[in-house]
Amino acid sequence: MTKRMWAAADGKLEIEGKRGSFDIAYGNASELQKLDIWLPDTKQEKVPFIFIIHGGGFMALDKRDCEMAHAIKETIKRGFAAVSLNYRMTQEVKFPEPVRDIKQAIRFIKKYGAKYQLDTEKMMVWGGSAGGYLTLMAALFNNESYFDNPDDENVAVQFKIDGAIAWYPITEFATLDHQLQTNSLINKYLRKEIKDQHECYVNAMPESEENAFPYHASLDSAGSILLGENCCVDNELTRKASPIYYIKTDMPRIYIQHGSGDEIVPMQQSIDFALKANELCGEERVICEIVPDAIHGSMLFETADNYDKLFAFIHAVMD
């Protein structure tokens with residue numbers, strides 16, 4: 001496996017017979033501005049919940065796709081509600097619009113969540129890949145006006161995210177290719193075999209060798225399409241788009257997991273974010289766990305043991 005690989009998402013969650021409310025519009029600028037509320041079997045009047053944000057390179061997948069389906073199922077099974085949401089993608093908009101959609105959806109739920117049986121005083125966010133990036137932005141931006149949608153009727157609603165789980169997120173666009181090149185050189189001399197293998201792994205698109213560059217710096221990369229220019233240039237736009245520049249002392253607790261074998265988003269993205277956050281906060285505000293050998297979207301993140309670990313964190317934040 002010398003080509004860049006990721007896990008393929010196939011199939012969709014079915015809503016028939018499920019408790020909850022589905023395809024709720026949180027905005028009117030696009031058909032994609034909709035969310036699903038999945039409720040557990042519970043007699044609670046108000047249920048603590050987790051926003052689930054799908055990945056897909058800011059250009060693909062959906063709130064019911066299998067890419068985050070296991071996380072939704074685990075959330076419901078363990079007694080929490082899951083709010084899975086769509087957001088406008090790069091076929092329709094550029095940065096910062098997808099981030100603005102997440103903020104608008106959170107405000108919508110903060111205002112109207114009680115009528116859907118949600119405890120709006122206990123909110124967490126969880127996402128993978130592009131969804132992991134949006135998760136960090138949701139946890140960090142709080143009420144900064146730069147990320148307000150102009151058509152958001154709930155713009156005055158204040159909110160605070162209690163905690164977040166981010167799988168293999170981008171945290172600083174400008175350093176992506178440099179870090180991947182560093183890892184490529186290390187792998188050339190130290191990696192003896194590919195250990196993370198699964199039948200659902202496929203060649204990442206666009207197809208490329210893992211030692212081929214530029215990757216993110218090309219204009220057809222997901223990040224460059226999102227920003228509308230080369231995303232690996234250190235400038236005002238890439239800093240505005242990078243979660244690492246929104247770290248602050250009042251940030252919520254965050255659990256980041258990243259694979260050491262990730263040749264799409266390098267593990268240094270999560271490591272650098274955690275180091276900077278914990279230095280600023282003077283404590284381990286961000287847990288950063290590197291999963292040995294795991295590729296982008298690896299099935300190693302979907303094990304029962306790993307979910308036990310993540311829900312222990314969720315309980316520590318929510319309880």
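## Close-up views of a predicted model

View 1. By the ring rule, the count comes to 20 aromatic pairs; rings of Phe, Tyr and Trp (its six-membered ring) pair if their centres lie within 6.5 Å, with planes under 30 degrees apart called stacked, over 60 edge-to-face and the rest tilted. In one of them, the ring centres of F22 and W38 are 4.9 Å apart and the planes stand at 75°, so this pair is edge-to-face. F22 belongs to strand β2 (residues 20–25) and W38 to strand β3, so the pair ties together parts 16 residues apart in sequence. Helices (H or I, at least four residues) and strands (E, at least two) are DSSP runs, numbered from the N terminus. W38 is buried, at a relative accessible area of 2%, where buried means under 20%, exposed over 50% and partly exposed in between (1.4 Å probe, protein chains only).

Before moving on, a word on the model. This is a predicted model, in which local features need pLDDT of at least 70 and side-chain atom pairs count only at pLDDT 80 or more, while totals for chains, interfaces and linings use all residues. Residues are numbered from 1 along each chain as its sequence is written, and side-chain values use heavy atoms, leaving out hydrogens and water.

**View 2. F58 meets Y133.** What kind of pair do the rings of F58 and Y133 form? Their centres are 5.5 Å apart and their planes at 85°, so the pair is edge-to-face. It links distant parts of the chain, 75 residues apart: F58 sits in the loop between β4 and α1, and Y133 in helix α3 (residues 130–141). F58 is buried, with a relative accessible area of 4%, and Y133 is buried too, at 1%.

**View 3. Helix α1 and its cover.** The buried residues of helix α1 (residues 69–77) are A69, A71, I72, E74 and T75. Their cover includes β3 (34–38), β4 (47–53), β5 (81–85), β6 (118–128) and α8 (304–318). Just after α1, G79 takes a positive phi of about 90°.

**View 4. S298 in its loop.** Look for S298 in the loop between β10 (286–291) and α8. Its relative accessibility is 1%, so S298 counts as buried. Leaving aside neighbours within four places in sequence, S298 is in contact (heavy atoms within 4.5 Å) with D196 and Y201.

**View 5. An aromatic cluster.** Here F80, W126, W167, Y168, F301, Y307 and F311 form one aromatic cluster.
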